[in-house]
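Work through these exercises with the model open beside you. Try each task before reading its solution.

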Amino acid sequence: MTSAPLLHIEQVSKRFGGLQALSDVELKIYPHQIVGLIGPNGAGKTSLFNVITGLYQAETGRFSLSGKSYSPSAPHRVAQAGIARTFQNIRLFADMTACENVMVGRHVRTHQGILGAILRHPAARKEEAEIEQRAHELLEFVGIAHLTDRAARHLSYGDQRRLEIARALATDPILLALDEPAAGMNHSEKDNLHQLLLKIKAQCCAILLIEHDVKLMMSICDRITVLDYGKIIAEGEPHEIQKNPAVLAAYLGGEVA
Amino acid sequence: MRIIDVALLYVLLALGLNIVVGFAGLLDLGYIAFFAIGAYLAGLFASPQFAVVIESLLMEYPAAGAALSSLVGTDVVANGFHLSVWIIIPLSAVVAGLFGAILGAPTLKLRGDYLAIVTLGFGEIIRIFMNNLNGPINITNGPQGINLIDPIQIAGISLAGQTGSGGMVNVAGFMLPSVNAYYFLFLILSVITIFVSRRLQDSRLGRAWIAIREDEIAAKSMGINVRNVKLLAFAMGATFGGVAGAMFAAFQGFISPESFSLTESIVVLAMVVLGGIGHIAGVVMGAVLLAALPEILRHTVTPIQMALLGEVWIDAEVLRQLLYGLALVCIMLIRPAGLWPSPVRENRPVKVDAEAKL
């Protein structure tokens, strides 16, 4: 890993009233890496996600994306800059079809406004056709092409997760941030997800992953960062993390051996 | 025929409100304000009213009055503006759209009940302005309203009918009653509005509106600039309202603040909700149904009661409100998505499910 980090954040701190949700967090993600973020419940994983994607404002912190500094002040700018995300509790556009959900993801990379919508001049038609084409490709990519015209809320849980990933990929991200994508999935669904994540890593972009499933994390992540009480307590390759005494203590609640 | 004309105006209004409430999910209880703005623009620029404005300006602020009268010329000072419909329509569309954005801007961070209350307030503010802007400078003529608004003239044909023909309009050799001529005009406008609504719905912008309605946080995270897109929704909805208002003013020939009360906002909202929120065909149906209802009642309630009971027990107006309320309650209980909801929103699996499982 000699190249420059794709995402580099330093000294990120965030408070909620008296609670220090994040203190002095540093994170580096390199291209084509899957970086895992683990930690006990309430450790600040989702808070960190929300800070990176602009839903929360951090008090302090330096952020840079592909070498350029960016300020995550508004979610839509972060998406524009190239970070796409999914949510811990799925947030799809429930009454839209699967295809339309993904088409919304193309919003940030397309331009037609009111005139284009009403007049449908050639440029608008071309763009609309491209949006639809791309949406179909992405649904195919995540493996739910057969559900294109089904309303999002009528999809099964696992398919909704996939759809959320497809929608995020539609923004052409350079970093995909997934918040517990395997939650509530059964074994075979997890296996499929595993394959999908490897495929995304190979073909699309780097991934930042929050997940509780330790087996999945250990097998898929290139590096893992462990958060506890808003602080990073360990960082390294999966096999290092597995043996790290501070991590064991945080998870098992025991004394540091 | 007059009933259908009015119903078509309501179709325009309901489709405009449908963009704001149905597509973008922003509950707007002051929508009639844009209707009022369109109507008053027509009142100001297509009637003798502007002469009144200048006169009162000359009384109060002679210098400004003199400057304005030299600017607009003696003809306007004597007779007011009488702009053609081709100017009035775009003007009312643009100004109402602008007001839509202006009134929308402070409400961007509000949701649900709070948004409804604020928009309700804005609707009332506009009406109260119309009611009170007769002094110190008389712009709107206050509660008396503006009279003698020009009927619509297209290609030199006045839709109010030729003078001396008893209200008949000569369209390419056919003699039509004035209300029929307006019917065709409003029908064309309605068709255009439906067309525009449909195209907006199936566009990048329409999807962004619906995405905001469904989940604002997810929409933001997908890169939608929620502020701009919401303002566009307010402005687009207001544009339709403004055009409908200008048409209303020309059709009636007279406007006063009474026509733009909160009840009207609620009636238009009821049309959208009853018909099928967010579904264009449903909204059109809702508008036609609710616009026709009071007229039907007016023509039937009194005669039926007279025939059956020999006296009038219930006034048509009272019965109308009762039925409105009852209809809305029933809709909310039985078909919460409206009488004719869009297929995806119906609360049952759509038919693709069956095919997909095969």
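**Exercise 1. A helix contact between chains**

Which residues in H3(A) meet which residues in H9(B)?

Solution. Bear in mind that this is a predicted model.

- Step 1: List the residues. Glu100(A), Met103(A) and Val104(A) come from H3(A), and they meet Arg207(B), Ala208(B) and Ala211(B) of H9(B).
- Step 2: Sort this contact by class. It has four nonpolar, no polar and two charged residues.

**Exercise 2. The chain B side of the interface**

Find which helix gives the most to the side of chain B that touches chain A.

Solution. 

- Step 1: Take the totals. Chain B puts 30 residues into the contact, and chain A puts in 35 residues.
- Step 2: List the helices of chain B that each supply at least two residues to this side: H8 (178–201), H9 (204–214), H10 (216–221), H11 (226–252) and H15 (352–357).
- Step 3: Pick the top contributor. H9(B) gives the most, with eight residues.

**Exercise 3. Two helices within chain B**

At what angle do H12 and H14 of chain B pack, and which residues make the contact?

Solution. 

- Step 1: Locate the helices. H12 covers residues 262–276 of chain B and H14 covers residues 316–334 of chain B.
- Step 2: Read the geometry. The angle is about 40°, and the axes are 10 Å apart. H12(B) is therefore oblique to H14(B).
- Step 3: Assign the hand. The crossing of H12(B) and H14(B) is left-handed.
- Step 4: Name the contact residues. H12(B) uses Ala270(B), Val273(B) and Leu274(B), while H14(B) uses Tyr324(B), Ala327(B), Leu328(B) and Ile331(B).
- Step 5: Sort by class. This contact has seven nonpolar, no polar and no charged residues.

**Exercise 4. A residue in H12(B)**

Is Val268(B) buried or exposed?

Solution. 

- Step 1: Val268(B) sits in helix H12 of chain B.
- Step 2: Count neighbours. Val268(B) has 31 C-beta neighbours inside 10 Å.
- Step 3: Apply the cut-off. A residue with 20 or more is buried, so Val268(B) counts as buried.
- Step 4: Look beyond neighbours within four places in sequence. Val268(B) is in contact with Tyr10(B), Leu13(B), Ala14(B), Leu17(B), Tyr31(B) and Ile32(B).

**Exercise 5. Faces and partners of a strand**

Which residues of E4(A) lie on the covered face, and which on the uncovered one?

Solution. 

- Step 1: Recall the rule. Side chains in a regular strand alternate between the two faces of the sheet.
- Step 2: Gly61(A), Phe63(A) and Leu65(A) form the covered face; Thr60(A), Arg62(A) and Ser64(A) form the uncovered one.
- Step 3: Pair E4(A) with E1(A), residues 7–16. They are antiparallel over five bridges. Arg62(A) in E4(A) is the bridge partner of Glu10(A).
- Step 4: Pair E4(A) with E5(A), residues 68–69. Two bridges join these antiparallel strands. Lys68(A) in E5(A) is the bridge partner of Leu65(A).
- Step 5: Inspect the turn. E4(A) and E5(A) form a hairpin with two residues between them, and Ser66(A) in the turn has a positive phi of about 40°.

How values were computed: Residues are numbered from 1 along each chain as its sequence is written. Chains are lettered from A and ligands numbered from 1 in the order in which they are written. This is a predicted model: local features need pLDDT of at least 70, side-chain atom pairs count only at pLDDT 80 or more; totals for chains, interfaces and linings use all residues. Axes are lines fitted to C-alpha atoms, for helices over the stretch in contact, and angles run from 0 to 180 degrees between N-to-C directions. Helices (H or I, at least four residues) and strands (E, at least two) are DSSP runs, numbered from the N terminus. Angles under 35 degrees count as roughly parallel, over 145 as roughly antiparallel, 65 to 115 as roughly perpendicular and the rest as oblique. A crossing is left-handed if the near helix is turned anticlockwise from the far one by less than a right angle, and right-handed if clockwise. Two residues are in contact if their C-beta atoms, placed from the backbone, lie within 7 Å. Ala, Val, Leu, Ile, Met, Phe, Trp, Tyr, Cys and Pro count as nonpolar, Asp, Glu, Lys and Arg as charged, and the others, Gly among them, as polar. A residue is buried if 20 or more other C-beta atoms lie within 10 Å of its own, exposed if 12 or fewer, and partly exposed in between; C-beta atoms are placed from the backbone. Two strands pair if DSSP finds at least two bridges between them.
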